[in-house]
Amino acid sequence: MKIRITKSEFDLISEIIDAKNPLFMSKEINKSEIILEFENIEKAIEFDELVKEKLIYKGFDINYKPNNFGLMCENIIDKMYKVLG
């Protein structure tokens, strides 16, 4: 199970994941894109839920509009939806 993300999305993910409990392996395709590969469906679901949780708490401004963090989270969630379908 794989998704392709941008370097800026990967930087965002790196801030919110636990390095001691890796949910995926990453492989750089080029300077701006990275592939995340999930070992199994459980890790993919756990990652998806983590991103959704962070979106709720950090992804909106005072007017409930997505901030930059929120927009990147939403983009990752959309990519995960295609994989998890």
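Two strands pair if DSSP finds at least two bridges between them. Helices (H or I, at least four residues) and strands (E, at least two) are DSSP runs, numbered from the N terminus.

This is a predicted model: local features need pLDDT of at least 70, side-chain atom pairs count only at pLDDT 80 or more, and totals for chains, interfaces and linings use all residues. Residues are numbered from 1 along each chain as its sequence is written, and side-chain values use heavy atoms, with hydrogens and water left out.

**Exercise 1. Work out the strand order of the sheet, and name its edge strands.**

Solution. 
- Step 1: Take β1 with β3. They pair in the antiparallel sense, over five bridges. Lys2 has Glu37 in β3 as its bridge partner. Ile5 stands opposite Ile34 in β3.
- Step 2: Take β2 (residues 25-28) with β3. Four bridges join these antiparallel strands. Ser26 has Leu36 in β3 as its bridge partner. A hairpin of four residues links β2 to β3.
- Step 3: The open sheet has three strands in the order β1-β3-β2, with antiparallel pairing. β1 and β2 are the edge strands, since each pairs on one side only. From one strand to the next, the twist averages 25 degrees.

**Exercise 2. Sort the residues of β3 into a covered and an uncovered face.**

Solution. 
- Step 1: Recall the rule. In a regular strand, side chains alternate between the two faces of the sheet.
- Step 2: Apply it. Ile34 and Leu36 make up the covered face of β3. Glu33, Ile35 and Glu37 make up the uncovered one.

**Exercise 3. Find which residues touch the most other members of the largest nonpolar core, and which elements supply it.**

Solution. 
- Step 1: A nonpolar core is a set of buried Ala, Val, Leu, Ile, Met, Phe, Trp, Tyr and Cys residues joined through side-chain atoms within 4.5 Å. Buried means under 20% relative accessible area, exposed over 50%, partly exposed in between (1.4 Å probe, protein chains only).
- Step 2: The largest core has 21 residues, and Phe24, Leu36, Phe38 and Phe47 touch the most other members.
- Step 3: List the sources. β1 (2-6), α1 (7-16), β3 (33-37), α2 (41-58) and α3 (68-84) each give two or more residues. α3 provides the largest share, six residues.
- Step 4: Contact means heavy atoms within 4.5 Å. Beyond its neighbours within four places in sequence, Phe47 contacts Ile13, Leu23, Phe24, Leu36, Phe38, Ile76 and Met80.

**Exercise 4. Is Asp48 buried or exposed, and what does Asp48 contact?**

Solution. 
- Step 1: Asp48 lies in helix α2.
- Step 2: Check the area. Asp48 has a relative accessible area of 7%, so Asp48 is buried.
- Step 3: Look for partners. Setting aside neighbours within four places in sequence, Asp48 contacts Ile77, Met80 and Leu84.

Conventions: Axes are lines fitted to C-alpha atoms, for helices over the stretch in contact, and angles run from 0 to 180 degrees between N-to-C directions.
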